[in-house]
Amino acid sequence: MSTSCKRDHISHREGIRCAEMAMVCLTDFEEYAKEHLSKATWDYYAAGADECCTRDDNLLAYKRIRLRPRILRDVSVSDTRTTVQGTEISFPVGIAPTAFHCLAWHEGEMATARGTEAVNTCYITSTYSTCSVEEIVAAAPNGYRWFQLYVYRDRKLSESIVHRVEALGYKALVLTVDVPYTGKRRNDIRNQFKLPPHLKVKNFDGVIQVMEAASSEEYGIPSNTLDPSISWKDVYWLQSLTRLPIIIKGILTKEDAELAVEHGVQGIIVSNHGGRQLDGGPATIDALSEIVDTVQGRIEVYLDGGIRTGSDVLKAVALGAKCVFIGRPAVWGLAYKGEEGVREVLQILNDEFRLSMALSGCRNVAEINRNLIQFSKQ
């Protein structure tokens, strides 16, 4: 074979390899992450509680919902922009709070923040970050961010982080309310999951001095740090600490949605914690309608869990979600290529959402409504 033929043959082979690696949909990122992350790390991110019924139903529920497309609507121009808490974002998808991003990529949450900033959408930073809230702000100074908060037995711990993020310019607090105790995630128990020694929950670095002395540790902090006595009165306590909007994450019933409105919060995230807490609860997309009907526009309603395609986003928005948030897919993007991977995941979802909108006859987000939805008979 001549040199030029060899060169052509090699470049053809490389072209095939590149084509094989083309990231076309979110499942491609999932497969890449599963192949390249350690088993313990993959299992941690993938885990659901108990038999994982709720985790899996989060995805399957979208497949039970059909769309009713309208035709001949002149969709030559489309606009995916929307607002959350009065701030414009490029499309109704943000990044949900997930822990320990440095397990997936060495720059961790700093890369997530930059990737999200580049797409101009909302990043909910997790309390359990492997980068500090200060490092995240420095990495993406113009990003639009909310902060996810737990209430701890030591209220001063929660109080200090609230004051830190408010001073740093975070725009809302997301109070996670579905973890009085941590769900039973079987593979984490089998793997005896622990953060590797070089990583820590950075927001508590130097704050929880008892960490080393603690007899047992759970997901990077001493066991029994979370407060199972948390109740609605703690919402009032949080409001007394801050002027930031408070959004409650973890509501699945109309009764709790009504209580949230009565307690003066500014938003609800319909969430089952990615199926990682109570197994046997509803898929979030199935819980959405009763919550939207109860709230009746008094506060904004968001959703996370099971979003994998642009048409999933369209279905959630049609059923009344102002915005949806993705958890695991953001981590898959990180595992693939850090900041660029996060940006690619968001861009793919944006492109798919725009296409699904157009093929359904919607030119902008305001035109998306429940008339688009037909539940399947099965």
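Modeller: Rings of Phe, Tyr and Trp (its six-membered ring) pair if their centres lie within 6.5 Å; planes under 30 degrees apart count as stacked, over 60 as edge-to-face and the rest as tilted. This is a predicted model, with residues numbered from 1 along each chain as its sequence is written. Local features need pLDDT of at least 70, side-chain atom pairs count only at 80 or more, and totals for chains, interfaces and linings use all residues; side-chain values use heavy atoms, leaving out hydrogens and water.

Biologist: Which residues form one aromatic cluster?

Modeller: Two of its members, Tyr44 and Tyr45, are buried residues of H3; buried means under 20% relative accessible area, exposed over 50%, partly exposed in between (1.4 Å probe, protein chains only). The cluster consists of Tyr44, Tyr45, Phe100, Tyr128, Tyr150, Phe193 and Tyr219.

Biologist: Is helix H3 largely enclosed or open, and what covers its buried residues?

Modeller: Helix H3 spans residues 39-46; helices (H or I, at least four residues) and strands (E, at least two) are DSSP runs, numbered from the N terminus. Six of its eight residues are buried, so H3 is largely enclosed by the rest of the structure. The cover over them includes H2, helix H4 (53-63), H8 and H13.

Biologist: How far apart in the chain are Phe29 and Tyr336?

Modeller: The structure holds 16 aromatic pairs. Phe29 and Tyr336 form one that is edge-to-face, at 5.3 Å centre to centre and 90 degrees between the planes. Phe29 sits in helix H2 (residues 26-36) and Tyr336 in helix H13 (residues 328-359), so the pair links distant parts of the chain. Both residues are buried, and their separation is 307 residues.

Biologist: How many residues apart in sequence are the parts that Trp146 and Phe325 tie together?

Modeller: Trp146 and Phe325 make a tilted pair, 5.8 Å centre to centre with 50 degrees between the planes. Trp146 is buried at 0% relative accessible area, and Phe325 is buried at 2%. Trp146 lies in strand S6 (residues 144-149) and Phe325 in strand S13 (residues 323-326), so the parts they tie together are separated in sequence by 179 residues.

Biologist: Which side chain of opposite charge is nearest to Asp178?

Modeller: Asp178 is in the loop between strand S7 (173-176) and helix H8 (186-191). Asp178 is buried without a salt bridge, meaning a side-chain nitrogen of Lys or Arg within 4 Å of a carboxyl oxygen of Asp or Glu. Lys and Arg count as positive, Asp and Glu as negative; His and the chain ends are not counted. At 5.1 Å, the nearest side chain of opposite charge is Lys249.

Biologist: What side chain makes a polar contact with that of Asp178?

Modeller: A polar contact is a pair of N or O atoms within 3.5 Å; within protein, one must be able to donate a hydrogen and the other to accept it, and residues adjacent in sequence count only if both atoms are side-chain atoms. The partner of Asp178, at 3.0 Å, is His273.

Biologist: Where does UniProt place the feature "active site"?

Modeller: The residue is buried at 14% relative accessibility, in the loop between strand S11 (267-270) and helix H11 (284-295). Its contacts (heavy atoms within 4.5 Å) beyond four places in sequence are Tyr150, Thr176, Asp178, Val179, Arg185 and Lys249. UniProt positions follow the numbering used here, feature names are shortened, and annotations may be inferred rather than shown by experiment. The unreviewed UniProt entry places this feature at His273.
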